[in-house]
Every structure is written in structure tokens, then in C-alpha cells.
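Hello,

Here is the structure we spoke about. Please have it open while you read the notes below.

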Amino acid sequence: MSSSGTYVNYIGGEWVAARSGETFESRSPGDADVLLGRFAASGAEDVDAAVSAAAEARAAWRRTSPIARANLLHRAAEILSTRVNDIGRELTIEEGKTLKEGIGETGRAVQILRYFAGEAQQPDGEHYPSANPDTLLYTVREPVGVVGIITPWNFPIAIPAWKIAPALAFGNTVVFKPASYTPLLAVRFIEALAEAGVPAGVVNLVTGSASGVGDPLVDDDRVAAISFTGSGVVGKAVAQRVYARGGKVQLELGGKNPAVVLADADLDHAINHLVSGAMWSTGQKCTATSRAILDASIADEVTSRLVERIEKLVTGDPLNAQTQVGPVISDEAANRILGDIESAEREGARLLAGGMRLSSDGRERGNFVAPTLFGDMNPESRFGQEEVFGPVLGITTVQDMDEALAVANGVRYGLSASIFTRDLGKAMKFINGIEAGIVHVNAETPGAEPHVPFGGYKSSSSYSREQGKTARDFYTQIKTVYVDLPSPA
Ligand code: NAD
């Protein structure tokens, strides 16, 4: 049994306990005996204090030069970069992805801070010709104000980074509510910003539950915009409430991401990417491959090779260098995934690998689900339609490219999609026909670089995009300025 410290909120430039004095624990999903710390179990009063601090800091931060804001983000990136290995290790213990992935994600947060430090210095408006030759006509992008940031646990430092860095770069102040499963990583990110010298009130962290912190943040009229990443059910309810009070909202939600393998594909390569796309990070990526759509002529071979590969995956302690698949985030998540596996079987899918909880060799102290493969996934079934969010891949066999595209598009989600083929014409047909915000040709569905737009079609998003140049769209509003020159005195 290990134990750790107590961590508090960051409000108005001070580290402060929840008004109630209450705390909650963060424990490792890989070993419930490992306690990462106790965190402020905040409520409406704490949110009110954080929003007040953010509202008060707003005017001065808006007036701070973008160059000065960029310098602060660069400094935070430098601070975080010296801690990547330690924080990456904490990420692995708190979230459960492997050490390589935990360190990789922390490094990505550094890169995101650097990217948005650069973006802060990019042009922030346009100049237009006017019908009147004496009119100076231009637009300027200004911050929206106080922004509420609500994040999931599965990328506990990268997602906060790709929301908070642009919010700050473009002159907004922030109240950040992280997922309750991963508060330590949220504290680590805010520590770097605070140590870099971000002024009091510009960024505020409030940890706690969805009802204690999420609800009052979403409903606060002083919060101009909410950027939310998480599940569809919660996101859509959040959006309705924000819209009802006239706020701005951005949603990044789930996926049911297809990978199509055509008969001419490099099968070794495709199989590698099906395994990594479905199983790395224990399948808990919004962009994870959850549907393998195989051309009938290669389906038997690919299926038997997938069974062999998936059965051999090493599942266990994510700190162990041999481990390929870590735990799922919680006991509740493990039970939900096992329930989805049972219901897939009831719907007629054929269990080919995994399908059970793993409880030997120390894994009884964590939430381990065996990497699972199903054949005969009916595209119309619940299993074929809904996100499982765990290490589960379903195979559907199709007769040709047209059927593959129809199956790939036949879900309400549209986040990421892949096709494996050597035929450029078929690849282009897929690129043009797929209803997805991200498309990969000959690579797994999860790959996403931090300097390009990220987001989904249909129910995977709110028709908005994060990251890259598009981040400016959400975190700013446009002012159109007409300056008519005065007539000479
Ligand atoms: P979740 O919807 O349960 O929670 C997300 C966040 O919302 C958490 O911080 C939670 O506390 C908060 N929340 C819950 N109820 C709230 C309420 N009533 N008001 C305000 N906030 C509330 O999602 P999760 O389980 O943390 O994350 C997994 C989901 O996130 C999956 O569906 C996954 O696909 C999705 N996801 C999407 C992306 C993307 O960019 N598209 C990235 C990562 C994860």
C-alpha cells in the first residue's frame, strides 16, 4: 500500500482547499492499493470563486501582448519538458496506459504548448478593400472571455493542453475541470503554467465530481464558452444547457472507427496497425480502431493472424516494460466492457480471443480486461454501432469496396477512419466517400498530429475542430472595424 499527498485547487493564483474541506482519492487502475493522492472535492462555491477570479483577470490578460503570452507558454513548455519522464510515469500510474505512451503523451503536451506559443504570434485579423476609398476596413479576432474547460481521463495531459494552451494564447481566462479519475495529471499541468508565471486568475483549476463542479461551471453565465471532450450523452446535455443561456460550446465526443482492409493491401502492415489501433492505450482512445472491415477474399487469413497476435498481447502492470496493454480506467468500466462483450455474443458475434477479466499475477488488484476479438460483427447490431471504449475489436466481412464504404459510414459516429490498399483509385474513393473528420490511408485510425485540425463528422463532434490553426475559431470572436477617415479640418 503506498500513499501520497493532498492536492488542492488553484484559484486566483493560490493553491486552496475546497471550501467544504472534503477530498476524494485517486487510485491506480492497475493496482487499487496504489494511492496517487487526495484531491479537493469541490462544489459550487469553489466554482464561483474560480469563475470570479477568471472574470477579474480577464481585462488585464486580454491587454497583455500576444508576444508576452507566447513567452509564458514557452516557459511552461520548458518547465514541463524537464519533468516529462516523472510526469509520464505518474500518468501511467494514474491512467493506466503503458510507460512509453505516458511519457509520449506528456511530451506531446510540451509540443502543444510550443505550437500555441507560436500561434499567438500569427496574424489575428484580415484587411479588406472597402466601397469607400477613405475607409480602412479590417477584422480583428478578440478573446471570447472566461472559458470553461471540461476534459476526460483518457488523455489526462494532452487534452487539457490542447484546450488550455490556445485559450490562453488568444487572450482568454480559464476555469479547468478535469476528469475525477485523473486529477494528479491536471495538477501537474497547472503547476507548470503557474511556475511559468501565468498571472493570478488567468488559469484556475477546480477538481471534483461532475455534479459538484461540472454542473455549476456549465450553468455560470459569466463563462462565455465551454470546450468539452467526453461521452456523447454528457456532451449533448452540456451543449443544450450552454446554448440555452446563450454561450458558445465545442464538443469532441466518441467514435466507432473503421479500418477497411482491401484484398490488395500489404497484410503484414495492415495487421500490425489493426492490433495497435485497437489495443494500444487499452483501446481507450476516441480514435481507437473498433471495427475491422475485411474484404472477403482475405478475411480468413487476416482473422486467424489477428487471433494469434491478440492472444499473445502482454496485459498487465503498465510500468512493466514488457506490457503492451494496461488496465481499463475503473472497475465500473471493466464491468461495462464485459457487459458489452456478453451482449455482442448474444447478438451473434463470434468470440475469437479474450472476452474475460484477467485476475491472476497481481492483476486481481486492478481492472484488466483481456484484449478481445470478435468475428461476424453484424454492422446493424448494437455492438456494430456503439462505442465500447476498451480493448475490443469486431470484424465484419464485405464483398467489395462499395459495401466496405457503406458499412464504414453506417454508424452515427464519424471521428477517424482508415483504409489499407495499394490501389490509389480505391484509396481516393474512400477518402472522398468516408464520413469522418480524420482519414488515414495505410495507417491506424488513432494517429493525430498536434498541429493540424482534429475533430469528427456527425455525432463525434459539434462541427467544430480543435488544434492547429482552427483552434483560433473557437477561442476568439471576430470584430469588423470600419475606420472612416475624418475630413480635413
Ligand atoms: P464523460 O462524458 O463521462 O466525462 C467527461 C468530462 O465531463 C469529465 O470531466 C466529467 O466529470 C465531466 N462531466 C460529466 N457530467 C457532467 C455534467 N453534467 N456537467 C459538466 N461536466 C460533466 O467521458 P469520459 O468517460 O471521461 O471519457 C470517455 C469519452 O470521451 C469517450 O466517449 C471518448 O470517445 C471520448 N473522447 C473523445 C475525444 C475526442 O477528441 N473526440 C477524446 C478523448 C475522449
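By class, 13 nonpolar, ten polar and seven charged residues line the second largest pocket. (Ala, Val, Leu, Ile, Met, Phe, Trp, Tyr, Cys and Pro count as nonpolar; Asp, Glu, Lys and Arg as charged; the others, Gly among them, as polar.) A pocket is an open set of points on a 1 Å grid over the protein atoms alone, where a 1.4 Å probe fits, with protein on both sides within 12 Å along at least five of seven lines; lining residues have an atom within 4 Å of a point.

This is a predicted model: local features need pLDDT of at least 70, side-chain atom pairs count only at pLDDT 80 or more, and totals for chains, interfaces and linings use all residues. Residues are numbered from 1 along each chain as its sequence is written, and side-chain values use heavy atoms, without hydrogens and water.

Back to that pocket. Its volume is about 700 Å³, the space filled by probe spheres set on points joined across faces, edges and corners. Of its 30 lining residues, K100, E101, W280, S281 and K285 are the closest to the centre. α4 gives the most to this lining, seven residues. (Helices are DSSP runs of H or I, at least four residues, and strands runs of E, at least two, numbered from the N terminus.)

The largest pocket has a volume of about 1200 Å³. W153, G230, S231, G232 and V234 are the closest to its centre, out of 47 lining residues. Here α8 gives the most, with seven.

Lastly, T282 sits in the loop between α9 and β14. Its phi is positive, near 55°. T282 is buried (under 20% relative accessible area), at 1%.

Best wishes

Technical notes. Buried means under 20% relative accessible area, exposed over 50%, partly exposed in between (1.4 Å probe, protein chains only).
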